[in-house]
Amino acid sequence: MANQGPKSQTILVVGGGIAGVTAAIEAAETGYDVILLERGPALGGRVAQLNRYFPKLCHPTCGLEINFQRIRKLKNLRVVTMASVAGVKGEKGDYTVSVSVSPRYVNANCTACGACAEATDMEVDSPFNYGLSKTKAAYLPHEHAFPMRYVVAPSAIGTPEADKIKAACKYDAVDLEDKGEDFEVNCGAVIWATGWEPYDPEKLESYNYNLSADIVSNVQMERLANHDGPTGGKIVRPSNGEPVKKVAMIQCAGSRDLNHLPYCSRICCLGSLKHAVYVREQYEDAQVDIYYIDLRAHDKLEAFYQRVAADPQVNFVKSKPASIRIDEEGRPVLCGENTITRELYEAPYDLVVLATGMKPAASEGYVPDIAMEQDEYGFLVPSVEGDGGIIPAGVASGPLDVSMSVQSATAAALKAIQAVGPKS
Amino acid sequence: MTVALPEQATRKYDLGFARWVRDNVNGGAKMSMCMQCGMCSGSCPIGTEMDQGPRKLFMMIRAGMKDEVFNSSTIWNCTSCYNCTVRCPRGVPVTYIIQDLAAKAVEFGYVKKVENARFAKAFWWSAKTFGRTDERLMTAKYYFSFGLVEGMKRGLANLKIAIGMVRTKRMHIGMPHKIKDTKGLQAILAKAAEIDARESKGGA
């Protein structure tokens, strides 16, 4: 690294989702040396798993590809995947960051030809599809992964399958002896963009998520609607593959609930409105019922709400459903009180989508205890006494949609540049 | 033509009622947290047997519908299962509020109008006197609370069930079963009433 030394101007970005990628590129394009760490095998984070954005319904792959092109042009931006931070020491202008890289078992020789995946029959749950499908034990993280390189699942290592995978590779790219590595980085500022986890729907006990495959979370719905998802983009009942005629969305499934996430996750109302559009685009006769406490389509997003609400086959039921039971035919049945009519309902559906909220990823795993602190919910804020050298960005700092995450990340890049000072 | 204005509302609204509930009902201070989501009414196992359900009852409190709240069957039909309290996303102790509203309804003499309160009163009389529920005396007390003729009618209508219960030893003939120390029980209850009076005076 060019700027290593007691006083470093290198900017380290932790997290390769849309916020981390944006912050790294924005900082690097001004000429600073930037290192971008990503815990998983590819960049893009949760955004790469989305089908489309609200409100314009355009595809996230488009913006991600533009960002990956920018990364390819930047010689001063280094991307390290499979990497997580084990510790941060020091102060603004001189941090020592311990990085731990877990094994990928595939080196840079990989051409993404796919021979390794064909060679094995072993399958693992697809993390990209949130467990809705299986993937081969040697797999490409997703179809436009960056870096475009395969991964071998750790569970295959030590089995005969691993040897088959290795033998199939013509480029000597499979390294079964990969032990990962630990190293230290010296840098002047850190942007912490570790993002979020979907709230675990199993914790919503009365919704019985585990009792029916036809109860899915909103992030799973994104995969169901995506052309490279488990159903090739066709929204069907996961239990039997049949088309859906009646779909329910349950808002605030976990959010705004003192028993779960006390805060509003901000994206779920618009997400469910978007899911209603996904369903209605595919089925002329489908009915979508959105169960809500109140709909929060903030500022200009109101127009998207009005657009969806104009569809007579999308209904809004003012009610937080109390429970979901499974009827004799195996269909999920929503039970609760319609708070406008005071009627108690029991309504069966083909598919129920739980609009689960965003839990900060920082609530688990390592978080530096210098310069930043966690608020009561686990989101990160700069600490009052801190020197401003570690800057939270994106959803790590609070529930944000993609456009707000990008704004947050760009602001963090500027803060990081200010922290390390004018380019020397 | 312009549509005529709606007729003047004749219902009385007591605008200080919500504040009174906040200050005087157990758990009432948390009622301002209610966001009318319906989780409580939807979770109630006997929700279909309630005229209002907790969510609407809370809205009626806010609206100042004092008489309607105290005359509601909802406060008497609660079985204290605590489903609503456990699931409430806003931490409102729904069960406590409903229970105390029932107690207040007794205190302010609303119970005569509420059918369900008769049974609760008979139950409490038996529990307090014997430390147990005596099926015969409690039922008799409940039936005759409707008046002599109505009491006889109800008793006769259920005679067959009563005989069946005696035969299967679900009901006995003879002196009512009592706990060993009814005096002790009454002392406990008196103390509880004293603590309650003291704490509610302090506005706790």
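Residues are numbered from 1 along each chain as its sequence is written, and chains are lettered from A and ligands numbered from 1 in the order in which they are written. In this predicted model, local features need pLDDT of at least 70, side-chain atom pairs count only at pLDDT 80 or more, and totals for chains, interfaces and linings use all residues, while side-chain values use heavy atoms, with hydrogens and water left out.

Chain B contains 12 helices and zero strands; helices (H or I, at least four residues) and strands (E, at least two) are DSSP runs numbered from the N terminus. Read from the N terminus, the order of elements in chain B is α-α-α-α-α-α-α-α-α-α-α-α. The C-alpha trace of chain B spans about 70 × 50 × 30 Å along its principal axes. Of the 204 residues in chain B, 32% are buried, where buried means under 20% relative accessible area, exposed over 50%, and partly exposed in between (1.4 Å probe, protein chains only). Contact means heavy atoms within 4.5 Å. Among contacts in chain B between residues at least 6 apart in sequence, 64% join residues at least 24 apart.

At the interface, 22 residues of chain B are in contact with 17 residues of chain A. The size of an interface is often given as the accessible area lost when the parts come together. Between chain B and chain A the buried area is about 1400 Å², and carbon and sulfur atoms give 54% of this area; buried area is the accessible area (1.4 Å probe) that two parts lose on being put together, summed over both.

The rule finds one salt bridge across the interface of chain B and chain A, a salt bridge being a side-chain nitrogen of Lys or Arg within 4 Å of a carboxyl oxygen of Asp or Glu. A:Glu337 forms a salt bridge with B:Arg55, and their closest N and O atoms are 2.7 Å apart. On the side of chain B that touches chain A, the elements giving two or more residues are α2 (39–43), α3 (54–63) and α6 (83–87) of chain B. The largest share, four residues, comes from α2(B). By class, this side of chain B has seven nonpolar, 10 polar and five charged residues; Ala, Val, Leu, Ile, Met, Phe, Trp, Tyr, Cys and Pro count as nonpolar, Asp, Glu, Lys and Arg as charged, and the others, Gly among them, as polar.

Most residues other than glycine have a negative phi, and most peptide bonds are trans. In chain A, the peptide bond from A:Phe54 to A:Pro55 is cis, with omega near -5°, and A:Pro55 lies in the loop between α2 (45–48) and α3 (60–73) of chain A. A:Phe146 and A:Pro147 are also joined by a cis peptide bond, with omega about 0°. A:Pro147 is in the loop between β8 (138–139) and β9 (151–152) of chain A.

A:Arg266, which is not a glycine, has a positive phi of about 75°. A:Arg266 is placed in the loop between β14 (246–253) and α7 (268–282) of chain A and is partly exposed, at 38% relative accessibility. A:Ala371 has a positive phi near 70° and sits in the loop between β21 (358–360) and β22 (372–374) of chain A. A:Ala371 is buried, with a relative accessible area of 8%.
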